[in-house]
Amino acid sequence: MEAGTLPTYGSGPLSGVRVVDFTWWVVGPWAPRLLADLGAEVIKVERVDQFDGTRGNSMLGRRARSGRPVIRESPNQSGGFNNLNANKLGATLNMRHPKGLELAERLIAKSDCVVENFSAGVMESWGLGWERMREINPRLIYVSLSGWGHSGAWSGYRSYGPTAAAISGLTYASGLPGAESAGWGFSYMDVQGGFLGSLALVSALYHAKRTGEGSFVDYSIIEGAMSMLGPYFLDFDVNGRKTRRPDFPPGNRSIFPPLAPHNTYRCTGQDAVGQDRWCFIACETEEQWGALCHLMGRPELARDQRFSSNAARVEHQDELDAIIQAWTEPLPRYDVMSRCQSAGIISGVVQNGEDRVEYDPQLRERGVYPVIDHPELGPYGYEAYAPKLSRTPAKARRGAPLYKEHNMYVYGELLGLSADEVTQLQNDGIV
Amino acid sequence: MSGFFDGLLVIELADRRNQYVGKLLADGGARVIQVEPLSGSPGRHCGPFVHDRPDPNACLDYWYYNAGKESIRIDITTPAGAQLVGRLVETADIFVESQLKNALIPLDLDYETLAQRTAGKLIQASLTDFGQNGPWRDLKANDTSHMALGGPMGSSGYSDPTVTPIGGQGHQPWNVAGTLGAHAIVSALIERLTSGIGQYVDCSIHDCMSICTEGAIPAWIYSGQVLHRNTGQHASAVGPAAGRLNIRAADGRWVNTVATQLTPYLWANVLEWLIEQGVEGELADPRYLDDVYRATRWREGTEIQEAYARLLAKVPSYEAMHRAQGFGLTWSVIQSPEENYDHAHWHERGFFTSIDQPGAQAPVRFPRGPYLIDGAQFQPRGPAPALGEHTRSVLSELLGMDGASIRGLQESGAI
């Protein structure tokens, strides 16, 4: 068994921090990945008999663009997995075996953080509840990401990203008025939920480093989703106003504050799968509205009583949107955006993945999708840690680990077992 | 009440884009002083307002994002005002703002100047639309334009390719960038424990949103695939989805029926339920007991979703959710946000924190936030401040100013 390629640590702000990562799918892996980007040693522990589901997620791409041969049976060629687990190390462990549990405890004793995203009760079923982990390591941070939380009547319920979006109100709050919910076309709370989980990790870590005290964070992703909708809760609690009303959700219009124009407008052409092109435009000031009238070659609109104030424009926004769309419809989307921006008007193309990677000069200059080489996939871009720290920046160190890649490092170098012992554990189905 | 950020002092230059950063730090126990212009933070003027009466002290959006902070009113465009902010930052651990560097240099509030004045200890975080460099640095944006440019809108909407894509409500770009901005700040705090030196965080909302779209970027980078929007479900790399996940139940409410894998156990329970309601149709065919066949039909066919629709036409939404969750199926009712106030589960977890908020007739039930912590709290610590409520107390306590000096600043228009 090879020791695997180890990353180079030392420069990140979290250098010297070790995280045991039992997460899988999407929401879990994002949380420790942000720590790995910042220099922490994150050891992703997968099951011996079943790898992380994202490794097998062909939707995220196995039609390799690098020209390298694709091995259909390989668990190491998922783009989605590589994106979510870059900069991590990879090991496997059978937590249902007493020896596996003992190894987990030894690893936890040498680590700063444990993070997982199982449903409530799974860790306890292994004999690794918070009480036990705290005995092993009093300074430990344990962050559990679950859908519904570890307490309460529904704590046994299960959740995926769309579940969290639906029950929290996020799905309902996305759509055209009077129409079925559009919802979110991806698991927003798997990504933003992961970011919030990562914030829990570093916050508890900061506390532990100052006080020597460990912490257990029971992080409910649905509670995280609800906390993304706070003003709607307060509007109901204080004003009794429900979001189940004819004008909500408002599509891409703005209700608080009421603003017009504030919408998406069709442009010329279709994308690679035949969907129309769109550009968002908003005017928040009279100057912007006047500039838009001029841009559209319709200066008289600024004096038209239907559109002479923001309140009037809001009242007549169906007519207003039709006028603006008549202007945008024959134009290419980036042309609309650049004309508006040149006149100081808020605007933005509705960009898809292709647009952001290929045509967005800002993301390119800021290095948001840097390239990392991966031994099986080859060189591919990945989604980098977004904020830029001036003195200790995040770094792309390595691609996601191959399945079982770092078993020798973790059980040999870290836990002190010999190569023969690790090989025996592998033969016994324990690692 | 203790928190992870007890003892930290944060100065926040009021801006709707950065107020979630301050909220997260305040919820964790930091003292957050928001510096507002004389007219108040832009966040005070967006609404909704208490009883729909515009009032900078009665904006519910502002209340939510600023509960537990202090407010000091300073006109930083005046030399005296800018100088005051600089002196306040000298006492602080963290300075949060949303300005381009060029705008702060004339005020002596840029990082290089402030770092010198704080012996390098300061952590300064700037949350801007596009960051501090790049060809789009100076472009105009708002929360919805970031939903467009950053990608969430491109994946969300309806299956009809001629219908507009949709950006979800709730200022999500500011929430995402606020979360990542706070993450970078706390990571810099951890590093400062060792080095004793702070740093500058350049946080672009566009960058943050552009890593927040799950499959859209990997699908393009690895496979050259553009995603097709699907009503009420994930955008798909293989064109429009065959079936539907959001299904209307007997009581008229919609239920999300997502499941990544219909295991034999889940399928046995589903089938029993379908048969019980007499709506199993062809799904009783033994072929559906085969895992691969069932998974393929779930992904590529519509008959399972059609059976769900027949089932849900007979069963009310919450009854369906509870029964499905009872055997491990991840169904949930599509609720409006405020309907969560009705569920004992969230109250049992203490998710709603009642706060005596001046301007409200009764205590207001604020959402707590995402974390329940053993031995510490991460939740709103008090009401949102009135505009300038803490101007005198902050200047007196942190800068040692007496009444005459403060009156002088008032008369000069600096505060």
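## Where the chains meet

Let's start at the interface of chain B and chain A: 84 residue pairs are in polar contact across it, counting pairs where both residues have pLDDT 80 or more. That cut-off matters here, since this is a predicted model. On the side of chain B that touches chain A, helix α8(B) gives the most, with 17 residues.

Salt bridges turn up too, with a count of eleven between chain B and chain A. One of these pairs the side chains of B:Asp202 and A:Arg366, at 2.7 Å from N to O. In terms of contacts, 156 residues of chain B touch 158 residues of chain A. Together the two chains bury about 13500 Å², and 61% of that lies on carbon and sulfur atoms.

Now for the strands. Seven of them make an open, mixed sheet, running β12(A)-β6(B)-β5(B)-β4(B)-β1(B)-β2(B)-β3(B). Strand β2 (residues 31-36) of chain B runs parallel to β3(B), joined by four bridges, and B:Val35 is found opposite B:Ile72 of β3(B).

Helix α8 (residues 172-195) of chain B packs on this sheet, touching β12 of chain A plus β4, β5 and β6 of chain B, at about 165 degrees to the direction of β5(B). Helix α16 (residues 391-399) of chain B packs on the sheet as well, against β1, β2 and β3 of chain B, with its direction at about 90 degrees to that of β3(B).

## Domains of chain B

Chain B splits into domain 1 (9-211 + 348-412) and domain 2 (234-334). Their centres, taken over C-alpha atoms, are 44 Å apart.

Technical notes:
Residues numbered from 1 in each chain as written. Chains lettered and ligands numbered in written order. Predicted model: local features only at pLDDT ≥ 70, side-chain atom pairs only at ≥ 80, totals over all residues. Heavy atoms only, no water. Domains from an automatic or database assignment. Pairing = 2+ DSSP bridges. Helix = DSSP H or I, 4+ residues; strand = E, 2+ residues; numbered from the N terminus. Contact = heavy atoms within 4.5 Å. Axes fitted to C-alpha atoms, helices over the stretch in contact; angles between N-to-C directions. Buried area = accessible area lost by both parts, 1.4 Å probe. Salt bridge = Lys/Arg side-chain N within 4 Å of Asp/Glu carboxyl O. Polar contact = N/O pair within 3.5 Å; in protein donor to acceptor, adjacent residues only side chain to side chain.
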